[in-house]
Amino acid sequence: MAPVPLASHRSVAELVARFLQRRGVDRIFGLQGGHIQPIWDHLAQLGVRIVDVRDEGAAVHMAHAHAQLSAGVAIAMATAGPGVTNCVTAMANAHLERVPLLLIGGCPPVPQDDMGPLQGIDHVGILAPVTRLSRTLRVADQIARDLDKAWSIAEGDGGTPGPVYIEIPTDVLRQTVPPACVLDEHLAPKSRPRLQPDAALLARAAEHLRAAHRPLVVTGRGARGAGAALTRLLDASGAVYLDTQESRGLVDGAHASVVGAVRARAMQEADLVLVVGRKLDYQMGYGSPAVFKQARFVRIADCAEELRDNRRGEVELLADAGLSLAALADALSKPSATLDTAWTGALRAEHVKRAAKYAEAMNLAPAGRDGHMHPNRIFAALRKVLAPDAITIADGGDLLSFARMGLETRHYLDAGAFGCLGVGTPFAVAAALLHPERQVVAITGDGAFGINAMEIDSAQRHGAKAVFIVSNNAAWNIERLDQEMNYGGRVVGTTLAWSDYAGMARAFGLHAERVTDPARLEGAIRDALANAPALIDVVTTQDALSSDAGKGLGWVPDRQALTAWDEAEQARRA
């Protein structure tokens, strides 16, 4: 779509549409309403694809996945009142995940302000705590400038990337702007500068790595796009490596540094931890000495939120991850003589052994007492079917734990640190639309699926060739198991019906199948991929205890997320 020059007065709505077009937006996600119709109409006239959804929160989830997979800013739109407020949870999720997206909301005309207008509520105040910026744009002549500012803040210029909310009153959308008030500098795409690492701090970081006996590298969101430089550093330092769900696939699983199956031991025994673009949140034990018993830290990130939380670094590099890792690799060139190769070798050997054992066990996972299959059978079948470039999404409570261990794909999204259930279906729709040539599979618990189940209709209407696999155990099972084990067996409000999700999918025109025999899984997945969009309803047991449930995640200990870490934390404080 070639940009059209602005030669005459244009409405604010048209300027918004043309701004998005100039920034490379060719698809938006939303649910139409009168307050945003002027923008919606101009986007359609410009040929921007509109993915209309069944719930506004799902539109934000789709924009979230689109931004993650495209490494750009994504756009969602919602009309005023409940249209915007339906987006709050999805915006909070994007905020915690630091995802660059722009939600454009509608709001009542200015002359009706504070008079009790239709769908009038303080959207800006509601969304302010979960956005990088939340504003009402009321001045027509400043629209291009304001959009440029919103876009830049979403990208993280001068700070942390994340979601931005803007709204424009409908009467302002209909106002016109003279060409002289629209500067091309506000419309044209911008190249974001990469933060160069400080040479002195780099030298100090290299010294710490050379002196370490048991170095560990951990990555997060901020390391995305730096896979090649990261691998070079691992080769040069000899460090062992742990990814997180934010950084899955940056390093080949066959690399000698990868020790994910012995994560707890690596964290406990490392004497230096290089943290790259990752918050030390609950999933990292807050960086506590109770979890990292011997470690000092070196931290690299291009935003302060991933640099200084909970544990300070001996060196803190506010810089681009790729540039910093490449420079460190050059400075080290080869592993130091101080490296404890017996330790790194032992961790890698144990990782390989455990991973192989787990893979074998998945294929043989026994049925539960109820006769239904173990959810690991789903992941065993997927390993036989998925292509190397497949995109997988995991969604659920208990199921997320099985997925983290069972899925090997390098392109992976899940419910994130917010634990935002319901993302699986909309994430998969967005992924399939962005990458129609690749396999896209969402594996979701039945509880999580129900939150945005209607978006299978969006998949069908828009031709999103995703496969939705529902692990149907008729329960919110991590909570049900917590009640069963820790509350005297009083199971209350955590069971569901054995619903026929395949029947639901067929009603919307999807290919669908219910599977009760694990021997049928591989064939069912192949058929679904060939006939996507498709849904497979897999009846699974309630008896499967996930590692998260076994470690106490559902129980919610006092000081740490997992029981063992909590006990160590309590002992440290005693």
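A salt bridge is a side-chain nitrogen of Lys or Arg within 4 Å of a carboxyl oxygen of Asp or Glu. The close-up views below are taken from a predicted model.

**View 1. A salt bridge joins Arg214 and Glu269.** The side chains of Arg214 and Glu269 come to 3.9 Å, N to O, and the pair therefore counts as a salt bridge under the 4 Å limit. Arg214 belongs to the loop between α10 (199-211) and β9 (215-219), whereas Glu269 is part of helix α12 (residues 263-269), so the bridge ties together parts that are 55 residues apart in sequence. Arg214 is partly exposed, because its relative accessibility is 25%.

**View 2. Strands β18 and β19 are linked through Arg514 and Asp537.** The two side chains form a salt bridge with an N to O distance of 3.1 Å, and the partners, Arg514 in strand β18 (residues 511-515) and Asp537 in strand β19, are 23 residues apart. Arg514 has a relative accessible area of 34% and is therefore partly exposed, while Asp537, with a relative accessible area of 0%, is buried. The loop between α22 (521-530) and β19 (534-539) contains Pro533, and the peptide bond that leads from Ala532 to Pro533 is cis, with omega near 5°.

**View 3. Arg10 and Glu14 form a salt bridge between buried residues.** The closest N and O atoms of this pair are 2.5 Å apart. Arg10 is buried, with a relative accessible area of 14%, and Glu14 is likewise buried, with a relative accessible area of 12%. The structure holds 38 salt bridges, and among the residues that take part in such bridges are Arg98, Arg221, Glu246, Arg278, Asp281 and Glu306, which are linked in a network.

**View 4. Aromatic pairs are formed by Phe19 with Trp151 and by Phe292 with Phe297.** The structure holds 3 aromatic pairs. One of them, Phe19 with Trp151, is edge-to-face, with 6.0 Å from centre to centre and 80° between the planes. This pair links distant parts of the chain, since Phe19 lies in helix α1 (residues 12-22) and Trp151 in helix α7 (residues 143-155), 132 residues apart. Both Phe19 and Trp151 are buried. The pair of Phe292 and Phe297 is also edge-to-face, with 5.3 Å between the centres and 70° between the planes, and both of these residues are buried.

**View 5. Arg248 lies over the face of Tyr412.** The distance from Arg248 to the ring centre of Tyr412 is 4.1 Å.

**View 6. Tyr286 and Ala474 have positive phi values.** Tyr286, although not a glycine, has a positive phi of about 60°, and its place is in the loop between β11 (272-276) and β12 (296-301). With a relative accessibility of 33%, Tyr286 counts as partly exposed. Ala474, in the loop between β17 (467-472) and α20 (477-486), has a phi near 55°, a positive value in a residue other than glycine. At a relative accessibility of 1%, Ala474 counts as buried.

**View 7. Thr425 is a buried residue of helix α17.** The helix spans residues 424-434, and Thr425 counts as buried because its relative accessibility is 3%. When neighbours within four places in sequence are left aside, Thr425 is in contact with Phe449, Asn452, Glu455, Ile456 and Phe468.

Conventions
Residues numbered from 1 in each chain as written. Heavy atoms only, no water. Helix = DSSP H or I, 4+ residues; strand = E, 2+ residues; numbered from the N terminus. Buried < 20%, exposed > 50% of the residue type's maximum accessible area, 1.4 Å probe, protein only. Contact = heavy atoms within 4.5 Å. Phe/Tyr/Trp six-rings, centres within 6.5 Å; stacked < 30°, edge-to-face > 60°. Lys NZ or Arg CZ within 6 Å of the ring centre and 35° of its normal.
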